[in-house]
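Please go through the model shown here and answer some questions on its fold, packing and backbone geometry.

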Amino acid sequence: MLLHLGGSRGKMGILLFRRVGLFSRSAHLSPQSLEYRPIKKVMVANRGEIAIRVFRACTELGIRTVAIYSEQDTGQMHRQKADEAYLIGRGLSPVGAYLHIPDIIKVAKENNVDAIHPGYGFLSERADFAQACAEAGVRFIGPSPEVVRKMGDKVEARALAIQAGVPVVPGTGAPISSLQEAHEFAKTHDFPIIFKAAYGGGGRGMRVVRNYEELEENYQRAYSEALAAFGNGALFVEKFIEKPRHIEVQILGDKYGNVIHLYERDCSIQRRHQKVVEIAPAAQLDSHLRDRLTSDAVNLAKQVGYENAGTVEFLVDKLGKHYFIEVNSRLQVEHTVTEEITDVDLVHAQLRVCEGRSLPELGLEQDKIHINGCAIQCRVTTEDPSRGFQPDTGRIEVFRSGEGMGIRLDSASAFPGAIISPHYDSLLVKVIASGKDLPSAATKMHRALTEFRVRGVKTNIPFLQNVLSNSQFLYATVDTQFIDENQELFNLKPTQNRAQKLLHYLGHIMVNGPMTPIPVKAKSSSVDPVVLSVSLGEPPTGFREVLLKEGPEGFARAIRQHQGLLLMDTTFRDAHQSLLATRVRTHDLKKIAPFVSHNFNNLFSLENWGGATFDVAMRFLWECPWKRLQELRALIPNVPFQMLLRGANAVGYTNYPDNAVFKFCEVAKENGMDIFRVFDSLNYIPNMLLGMEAAGAAGGVVEAAISYTGDVSDPMRQKYSLEYYLKLANELVKAGTHILAIKDMAGLLKPEASRLLIGALRDRFPDIPIHVHTHDTAGAGVAAMLACAQAGADIVDVAVDSMAGMTSQPSMGAIVACTRGTKLDTGVSLDRVFDYSEYWEVARGLYAPFDCTATMKSGNADVYENEIPGGQYTNLHFQAHSMGLGNKFKEVKKAYAEANKLLGDLIKVTPSSKIVGDLAQFMVQNSLSRADVEERADELSFPLSVVEFLQGHIGIPHGGFPEPFRSKVLKSLPRIEGRPGASLPPMDFEALESGLRSAYGDEITPEDVMSAAMYPKVFQEFKEFTSNFGPVDCLNTRLFLDGPKIAEEFQVELERGKTLHIKALALGDLNKSGQREVFFELNGQLRSVLVKDTAAMKEMHFHPKALKDVRGQVGAPMPGKVVEVKVKPGQKVEKGQPLCVLSAMKMETVVNSPISGIISKVHVNADSSLEGDDLILEITE
């Protein structure tokens, strides 16, 4: 008969033996005194990967296999790998089912099982289980019941070790029966001490205590864990050895008294006393110490008559002294590394020994056991290292393993669709790597782990990769404090998981509709614009080269000396803000960018950033605005970029500390911004000066912009007279602006007013370039801009034809055509304008739900009366329709004019225009006239924006605040005097960055810090979105807004050279959790994601979630069951005080109070089952 015990490396591959002993043995019994009884059917009283490991060994030996499974394990792989599988423990808890001895024995007897393999954990070290097997006539694949009892009782095992002359750690002579005994032990031996479960291992029921204050809590937790894991909460206490190595020796004995060792394993890399990485043999272990360890292990095993496989565990202190700690009378999780270095199949050996074979018959004699190379085992678990290794549960959406030469995988339910339950151990797969030495084995392991793709649950793979790269691990020795003392191991490289996140996003759209708010019901066009080709090579030089060579002053001189009219193209920002609600995505801007760079190099600039674009990019498009700037800069290196800076408000709607505005401009300049158009919504000079100083200090071109309102050609309107604008311009030029701009945001500049204003400015400031911006709401934009040019303006703003007109800027094509052949000739090719316009005409169809033409069919000259800015005109139109006031838009516009008068006739541009708009809608909704508002000002609840304006939050308007209206509204509310942001303390950017890194990891950039500084909540929501849904900016716009149609095939380019091929397959039915399964084909493989149906979930009851931004809401740090609630409503708690205890995967976690306060509500009770972030309780500070 042949027994194959491994490959040729150990030269023990094929060994010949007979059924009866033909060999001489140095044994206690002769082989003839025991009958050889072959095993025909084996049950594994366990689950998961160890059950499958035993089944495979049985199959190789021609033995039939039987699995058992709990009600919760019906979908687990181990029951499918067996020849037969039977349900046990009906009605019992998930763990209780595998601990129910009567059920297990009953199944074994009913199905003619010859032997039971206990695996590890559960009943593997229970003497009563081994005895029950013997009494039922079923063989127990392990030591005898008496040996299991002796070794399982940690106290008796210590006594036996002492008898055998093996050194032990000081400890109690028997399990303690009270907390008082632990107190007495601590008094005698001093701290630290350690509680250990008397009837089990694996780190369960093990707690280190360093002082009396921790004693009671850890005693209770250790007892509870031991009881849950092993059915017996008995504990004993030992002196805790600081920073030891944890070395264990594999032993193997037979029924005839033969015992051998298979050398040692180093299991020092642990957390919570659970092994994470195991190595065989132990690195840099003194040979004399190795001999002492193996000799003591064998002697102890022989003294107790040890049979079958087991492990003797030792601690080795810094002086090289070793101490016995326990015997695990079973197969260990890490037995694999021993098999790899000795070529001995330990499970084969267990089965043959149980049949009655002797070790010599199996060719297993000490002088034939040799170490060959090195092996490492990594336990890949569903735990999150960044959250203290909290277990994660859920459904595995993607599973792809690492394989290849030198890699072995022992796994169970590691496959797409597998459910990771909170009821059992978090082990997902054991990865074993073999090599000639530790560094080579570590290299193979690192490569294999890099190949893994596990999606749907968190894993510890990034942490394991850091361990494998650690120099101490590779080239020195490690102890049990290795993880605690190397916090850099927790600097985890985040997994990208881009493909699966995109599927989640697309699935969400397919189930719930668009994630960005849609103002009108209109579908995106199914036609993508044709990308215009450009010649290879660098684009022609433009004005940016002048700026880079000569600086802002030289640039301004070159602009002023230029012959002909210069154009700034607003298509990349203000045009789509005005027409398409700022929803145009970087995806579509990037497509046309090379064409613009190659064909419009003689533009003065492109306005492509800042203003409302900044926050909307994160808020609705789920894009990083800085990334947009960076990518466009790379594609258009030759044309200057221009942005809108709201003076002291930067790109926000509130006041910021001065240093925040300076820092913002600095970072913007570093990322490619050139020209800063600085304005203030009230033309409040102190606010403008701060923005100008910030832009200038950053090295940018300062373009101070005067916001225009009124009509300088109307002698009856004198508040905003020609003299007012000239005086403003004088202050701005004196302050050092490089360029002077007129910002006509409502399109109020008529041709005659243009001639008067620009002519006067040109006469007053002959050397300063003049730049004019307007909107074409009334239809007179082209005429006004031509009048400005003729009066001396150097630059006017235009938008490409298909994105021009109405509330946008005047037509580029019209200005180019009208000036061609004149002294104002723009030098822009009209044919190229037509090509450019064609692209945007088709692209505009992609944004149909946001297009102003959905509700507005033309411009309107009534803008001269209501003075509504272009972008706001579009938004108000959308808002009026969404609020059911579409038929009252005329009233809204009239109310806007009345609200403006109420507030003192303001300059209207963000944010002042919003204040007027809010008051107008408030008046229409409440049917209030101007007289009503003035009369009832002291009793009405005005919009917050109106109140804050009157307090002085955005500055002081020209002519002061309207009285007595202001006093009646504010009553006793405080008022701000002077520049609003002047009194704000500087922003602490270091603290902000530190907080962001704590929340989001070390990938935080200076740009992220600025985004968080400008819009803290928006940035937080953006990061949460990208964490869940990934890089949606790589989707085309129709897919981004509407998602794919069933059976639609499409491609998504993640980056150059990485393209996903996706097909939407089907949408599943609603499940009991309120989810639908959405099926895709990704790169030829079936993928699915579970998506919550938000409409359906409104009708279903679910446990509330803790809100992350509410300090007093305490959420579950992990999925699990509530073991104990330690507080009740009305109770006062201190920060750090225990609130409740959770149990998951047989480990208990204490949830502590994050703040001090009063418990206002408790949402759970003992035995409540929770998902991650489920609300546990609420605390009022």
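The questions below concern a predicted model and run from the whole chain to single residues.

Q: How many helices and strands does the secondary structure of the protein chain come to?
A: The C-alpha atoms of the protein chain fill a box of roughly 125 × 65 × 55 Å along the principal axes. Within the chain, the secondary structure comes to 41 helices and 44 strands.

Q: What percentage of the residues in the protein chain are buried?
A: Among contacts between residues at least 6 apart in sequence, 70% join residues at least 24 apart. A residue counts as buried when its relative accessible area is under 20%. Of the 1181 residues in the protein chain, the buried share is 60%.

Q: In what order do the eight strands of the barrel close?
A: The pairing in this barrel is parallel. Neighbouring strands of the sheet are turned against each other by 30 degrees on average, with direction ignored. The order of the eight strands is 25-26-27-28-29-30-31-32.

Q: Which strands of the sheet does helix 24 touch, and what angle does its direction make with that of strand 29?
A: Helix 24 spans residues 685-697 and packs on the sheet. Its contacts there are with strand 27 (641-645), strand 28 (675-678) and strand 29 (701-707). With the direction of strand 29, the direction of helix 24 makes an angle of about 160 degrees.

Q: Is helix 13 roughly parallel or roughly antiparallel to helix 14?
A: The axes of helix 13 (residues 438-451) and helix 14 (residues 461-469) come within 10 Å and cross at roughly 160 degrees. An angle over 145 degrees counts as roughly antiparallel. Helix 13 is therefore, relative to helix 14, roughly antiparallel.

Q: How many nonpolar, polar and charged residues does the contact of helix 13 with helix 14 have?
A: The crossing of these two helices, helix 13 and helix 14, is left-handed. From helix 13 come A442, M445, H446, L449 and T450, and these meet I461, L464, Q465, L468 and S469 in helix 14. By class, the contact has six nonpolar, four polar and no charged residues.

Q: Why is strand 23 largely enclosed by the rest of the structure?
A: Strand 23 runs over residues 427-435. It is largely enclosed because, of its nine residues, the number buried is eight.

Q: How far apart in space are S434 and I376, C-alpha to C-alpha?
A: S434 has its place in strand 23 and, at 12% relative accessibility, counts as buried. Not counting residues up to four places away in sequence, S434 touches E340, C374, A375, G406, A441 and K444. S434 and I376 are 58 residues apart in sequence, while their separation in space is 6.6 Å.

Q: What is omega near for the cis peptide bonds from A280 to P281 and from T910 to P911?
A: Most peptide bonds are trans. P281 lies in the loop between strand 13 (274-280) and helix 10 (287-304), and P911 in the loop between helix 32 (889-902) and helix 33 (912-925). For the cis bond from A280 to P281, omega is near -10 degrees; for the cis bond from T910 to P911, omega is near 5 degrees.

Q: Is M806 buried or exposed?
A: M806 lies in the loop between strand 32 and helix 28 (812-819). Its phi is near 50 degrees, a positive value in a residue other than glycine. At 17% relative accessibility, M806 counts as buried.

Q: What does K971 count as at 48% relative accessibility?
A: K971 is in the loop between helix 36 (965-970) and helix 37 (989-1000), and its phi is near 50 degrees, a positive value. The 48% relative accessibility of K971 puts this residue in the class partly exposed.

Key. Residues are numbered from 1 along each chain as its sequence is written. This is a predicted model: local features need pLDDT of at least 70, side-chain atom pairs count only at pLDDT 80 or more; totals for chains, interfaces and linings use all residues. Side-chain values use heavy atoms; hydrogens and water are left out. Axes are lines fitted to C-alpha atoms, for helices over the stretch in contact, and angles run from 0 to 180 degrees between N-to-C directions. Helices (H or I, at least four residues) and strands (E, at least two) are DSSP runs, numbered from the N terminus. Angles under 35 degrees count as roughly parallel, over 145 as roughly antiparallel, 65 to 115 as roughly perpendicular and the rest as oblique. A crossing is left-handed if the near helix is turned anticlockwise from the far one by less than a right angle, and right-handed if clockwise. Contact means heavy atoms within 4.5 Å. Ala, Val, Leu, Ile, Met, Phe, Trp, Tyr, Cys and Pro count as nonpolar, Asp, Glu, Lys and Arg as charged, and the others, Gly among them, as polar. Two strands pair if DSSP finds at least two bridges between them. Buried means under 20% relative accessible area, exposed over 50%, partly exposed in between (1.4 Å probe, protein chains only).
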